[in-house]
Amino acid sequence: GELSSVDLPPMLDVEAAYPGYVGQPYVANVRAFIEKAEELSNRRIVIYTGGPFFDQISKGANQADIDFISDRTLWLAAYVTNPEKYVPTAWKSRGKSWSIWQKSGDFDYTGKPGTGYRIDGIKTVVDYNVTQGEAADISAWGEASKIVTEDNSES
């Protein structure tokens, strides 16, 4: 169905790759996915990734494709105390940082079960995310993610 103004924008999880599948082929496929998803949803995609991974996977890729990807909002995966250190270079070089930070998850960076955030009544650890905005910013985010085109100023 259609996304409403209170829905969060679609998000793309960029954190896994087959061995040897790096550089331009990987980045080109991420860009192609973003282009198609944005065309179909009429919303700007949010990118979920971590600095060390994205820096490694995009090494040697076309700079225009990297810039296209890093023009999107960043949801940073970094189970650390200092997230700025883990913002991917592509975002840092554009003067951008994270909008959402996943500071703990159900698994740590080595793939072992996490020791992260717990909620009473849930047997496993859960992902813990923070935002640099306020609740009102999150509420307005869905509406703000709409893509405006020359053909349709309300799209």
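These are my notebook entries on a predicted model of one protein chain.

**Ground rules**

I number residues from 1 along each chain as its sequence is written, and I use heavy atoms for side-chain values, with hydrogens and water left out. Since I am working with a predicted model, local features need pLDDT of at least 70 and side-chain atom pairs count only at pLDDT 80 or more, while totals for chains, interfaces and linings use all residues.

**Overall layout**

I began with the secondary structure and found 5 helices and 5 strands. I took both from DSSP runs numbered from the N terminus, helices being H or I with at least four residues and strands being E with at least two. Along the sequence the order reads β-α-β-α-α-β-α-β-β-α.

Next I looked up burial, where buried means under 20% relative accessible area, exposed means over 50%, and partly exposed lies in between (1.4 Å probe, protein chains only). Of the 155 residues, 32% are buried. The accessible surface comes to about 9500 Å², and carbon and sulfur atoms hold 53% of it. I got such areas from the Shrake-Rupley method with a 1.4 Å probe, and for residues only the protein chains shown count as cover.

I also checked contacts (heavy atoms within 4.5 Å). Among those with a separation of 6 or more, 67% are between residues 24 or more positions apart.

**Strand pairing**

I count two strands as paired if DSSP finds at least two bridges between them. Strand β2 (residues 46–49) runs parallel to β3 (residues 74–77), with 3 bridges; Tyr48 has Trp75 as its bridge partner in β3. On to the next pairing: β3 and β4 (residues 98–104) are also parallel, joined by 4 bridges, and Ala77 has Gln102 as its partner in β4.

**Aromatic rings**

How many aromatic pairs does the structure hold? I found 5. My rule pairs rings of Phe, Tyr and Trp (its six-membered ring) when their centres lie within 6.5 Å; planes under 30 degrees apart are stacked, over 60 edge-to-face, and the rest tilted.

Tyr21 and Tyr26 are edge-to-face, because their ring centres are 5.6 Å apart and their planes stand at 65°. Tyr21 is partly exposed at 27% relative accessible area, whereas Tyr26 is buried at 8%. Trp98 and Trp101 make a tilted pair, with centres 5.7 Å apart and planes at 55°; both of these residues are buried. I also noted that ring pairs link Tyr21, Tyr26 and Phe53 into a cluster.

**Salt bridges**

My criterion is a side-chain nitrogen of Lys or Arg within 4 Å of a carboxyl oxygen of Asp or Glu. By this rule I have 8 salt bridges.

Two of my entries sit in helix α1. Glu35 and Arg31 meet at 2.9 Å, N to O, and they are 4 residues apart, about one turn of the helix. Glu39 and Lys36 meet at 3.6 Å and are 3 residues apart, again about one turn. Glu39 is exposed at 56% relative accessibility, while Lys36 is partly exposed at 44%.

I then followed Asp67 to Arg94, where the closest N and O atoms are 3.9 Å apart. This pair links distant parts of the chain, with Asp67 in helix α3 and Arg94 in the loop between α4 (89–92) and β4, 27 residues apart. Both are partly exposed, Asp67 at 26% and Arg94 at 34%. Salt bridges with shared partners join Glu38, Arg44, Asp67, Asp71, Arg72 and Arg94 into one network.

**Single residues I stopped at**

Is Ser70 buried or exposed? Ser70 is buried, because its relative accessibility is 0%. It lies in helix α3 (residues 63–70) and touches Ala90, Trp91, Arg94 and Lys96, leaving aside residues up to four places away in sequence.

Most residues other than glycine have a negative phi. Asn42 sits in the loop between α1 and β2 and is partly exposed at 23%.

**A surface patch**

Leu8 lies in the segment before β1 (11–13) and is partly exposed at 43%.
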